[in-house]
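Please read the following explanation with the structure open beside it. It begins at the ligand and then turns to parts of the protein chain.

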Amino acid sequence: MSGKTMIKPAEMAKKLEEIVKDHGKMRGAAIPILQSIQEEFGFVPKQLIPRLSALTGISQSDIYSILTFYSQFRFEPLGENYIQVCHGTACHLAGAEEITNALKREFGIEEGETTSPDKKYTVEKVACIGCCSLAPVMNMNEETLGRLGPEKAVKGAKENAKGGES
Amino acid sequence: MSKIEIKVGSASCGIAAGANKMHEYLEEKLKGDSIDISKTGCIGMCFNEPLVEIKDDKGLYLYGGIDSEDKAQRLIDEHVEQNKPVEDFLVYSDVVETEDKDYIDKQERILLRNSGNIDPESIESYEKVGGYDGLKNVLEKMSADDVIGEVKEAGLRGRGGAGFPTHMKWNFTKIEDNYPKYVVCNADEGDPGAFMDRSVLEGDPHSLLEGMIIAGYAIGANEGYIYIRAEYPLAVKRLNIAIDDARKKGYLGKDIMGSGFDFDIYIREGAGAFVCGEETALLASIEGKRGSPIFKPPFPAQKGLWKQPTCINNVETLANVPRIFTDGAEAYSKLGTENSKGTKVFALAGKVKRGGLIEVPMGVTIKDIVYDIGGGIASGKEFKAVQIGGPSGGCIPASLQDTPVDYDSLTSLGAIMGSGGLLVTDEDTCMVDVAKFFLDFTAEESCGKCTFCRIGTHQMLEILDRITEGEGKEEDLDELEKLGGQISAGSLCGLGQTVPNPVLTTLKYFRNEYEAHVNEKRCPAKKCKELILYFIDEEKCTGCTRCKKVCPSDAIEGDKKEAHVIDTEKCIKCGLCISSCKFDAIEALSGEKELQKMNKGGER
Ligand SMILES: Cc1cc2nc3c(=O)[nH]c(=O)nc-3n(C[C@H](O)[C@H](O)[C@H](O)COP(=O)(O)O)c2cc1C
Ligand code: SF4
Ligand code: SF4
Ligand code: FES
């Protein structure tokens, strides 16, 4: 998902064309196309939007309107390690706030930010992951860690980090 | 050795608890033993995960908490090799008594009967338990009207929240004389704390497909869409497998089972917007637009996807349909109450001992759910309330725990069935905080089209913030009620119309808690940060220094082996010290009297 941000503009444009072609015949394809773009690059590179508009005939303002409406889309790459802390109902009651705060403190993520200055960690709040019986829960890279406390979450985040502990 | 079957509960909750590793280990160790080891969906006893079920000629044995290779090895050594069930890990069995037996025995599994039983990635596994027989019956013997009549007789109502009679919706779509028509499955499941749709999708995807095909036949549609949350990757994966297999076997595509009926299904992934669970917003999203709800009528049945007649149903609703056409409407409607037939699946969570996915006949009481199935409150504290129906639902206090869970009884209390999140709270839960939590969520998710919904929710939130920070005024409570009424009345879609429910019901049943915050500046549950102080009991403190080490703001002072003290000025109330103390020496205090107990830092 992440880590593909070094890609060259020419390659990017080529990928974009392939993606648009793949979804070509689908009605109302704007969202699936944007999802594929994000899947490919880890985020939606803004510089691709004019070309996307030209290829699909969807106006740039419509594309922006979709991108800003749906919370899935992002314009910035993720950190190397992507942590989603569940703030669903069960997890809220079980102390999700403390976990997010502890992780942000540990990795030096500023108030209002989601990615650490060294780009090693992105910590986001999400609604129910569907593992409420293990609350509080967080997703990290492809793993789900449950029955957390603040200390256990920090420890788990470091143990599961790509490229060793920070 | 007797014939043995082993199943590992491998829904995402099981996997999170380590099920995949256990499955790998068992397969590796039992390689060549011709034992059938399979992965299934959620077995439902989530509080005991990872779960391994062993079935032999004596009966069924469900083992819980199998989270290490040592434990898995004991199952092999003792149960598999020596035929001796391992009592230590046994959580349920149909031949041996276990402590948690009621959790399973008090349920009635109609919808979930395959989940945890079959291999969701194998169509043969579904066929073996009668899968696609309902469709066969429909295509061979029934007209579209017969099908709708049968659904009516079964008494099926929508499980997506509002409980609209399914046969009526189908009929409205059928009578439209405008083709093409569409069947849309709402698998958005955005309610925080609800995961029953996910479990059906992950544990029994073919049931949904079969239900959609039958719906398509009944209304005259040849195409179906499943709109599913992108946050459910495993469900998407298993649905894709199921659709491919169903096409290969001729249950989807052209001329299904030689009947002349064509139907196919496509998946669309959501992009993270709760309001897209609302049906008109969902359709807009499939069309590739922002998910803003529009005014009804016209209803989707008349003008839906691409302005064509569209029947939109929830996952659970559709997955119930095959049951009606295999068991018959009569068998189906035997369960439940007069106006709420069948069963309902709930995601039971919160402060209960046994949380997980449960399926109960409509009409059981809240008390049955909390005590018989949930095993009561985990901490042994007082049961306070259940919050039912997610962010648009309401709170029902413990004093009304004899309320039967059916559409009408819940509505009469100001709550709703909703999609099925059922959250149990105890004395340690602050009801003002719970109301604020839901409002926070919905305010964030409002699409912004209606002024009341967009601005009103934020005004309510500001008031709640004030109250939880100890700045609340007497009039605030009336203001909340007034705003709540206005938002409901002035909003276009179900989101705005139900946004105030959690606040209104907690105000109704727990007004004293709001008053404590406002008048005494006290949070009775000791949850609201601005109204509490942390305090170390010097009698209990051993001076182990653990809390001092974890405190991120250097607020704890004290020498080794001496009682520690918290500097309340520096404390940011992160709560880390409480969870780190092994001697229970740190507690939260709220309210003047208790604050006086403190020797230091009583500046307030
Ligand atoms: C804000 C909002 C969110 C909703 N979210 C869902 C959802 O996640 N899943 C669902 O099935 N229905 C949801 N609904 C209800 C649907 O609009 C619709 O009534 C339902 O899917 C119809 O299916 P049923 O008749 O089978 O219940 C939501 C409604 C509103 C207003
Ligand atoms: S009620 Fe709220 S969510 Fe619904 S249409 Fe109006 S602003 Fe949007
Ligand atoms: S609550 Fe947090 S900041 Fe306050 S004393 Fe405890 S550890 Fe320190
Ligand atoms: S509330 Fe966190 S997993 Fe459901």
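In this predicted model, a polar side-chain atom of Asn314(B) lies 2.8 Å from an oxygen atom of ligand 1. Taken alone, ligand 1 exposes 610 Å², and the protein buries 88% of that area. The backbone also takes part in the surroundings of the ligand: a backbone N or O atom of Glu279(B) lies 3.0 Å from an oxygen atom of ligand 1, and for Arg159(B) the corresponding distance, again from a backbone N or O atom to an oxygen atom of the ligand, is 3.4 Å. There are 18 residues around ligand 1, and those that come nearest are Gly160(B), Lys169(B), Asn186(B), Asn314(B) and Thr317(B).

Thr166(B) belongs to helix α8 of chain B, which comprises residues 166-175. Is Thr166(B) buried or exposed? Thr166(B) has a relative accessible area of 0%, and because buried means under 20%, this residue counts as buried.

Strand β10 (residues 343-350) and strand β11(B) run antiparallel and are joined by six bridges. In one of these pairings, Thr343(B) has Pro361(B) of β11(B) as its bridge partner. A hairpin of five residues connects β10(B) to β11(B). Strand β11 of chain B, which spans residues 356-361, is mostly covered, with six of its six residues buried.

How values were computed
Residues are numbered from 1 along each chain as its sequence is written. Chains are lettered from A and ligands numbered from 1 in the order in which they are written. This is a predicted model: local features need pLDDT of at least 70, side-chain atom pairs count only at pLDDT 80 or more; totals for chains, interfaces and linings use all residues. Side-chain values use heavy atoms; hydrogens and water are left out. Helices (H or I, at least four residues) and strands (E, at least two) are DSSP runs, numbered from the N terminus. Buried means under 20% relative accessible area, exposed over 50%, partly exposed in between (1.4 Å probe, protein chains only). Two strands pair if DSSP finds at least two bridges between them. A residue is near a molecule or strand if one of its heavy atoms lies within 4 Å of it. A polar contact is a pair of N or O atoms within 3.5 Å; within protein, one must be able to donate a hydrogen and the other to accept it, and residues adjacent in sequence count only if both atoms are side-chain atoms. Accessible areas come from the Shrake-Rupley method with a 1.4 Å probe; for residues, only the protein chains shown count as cover.
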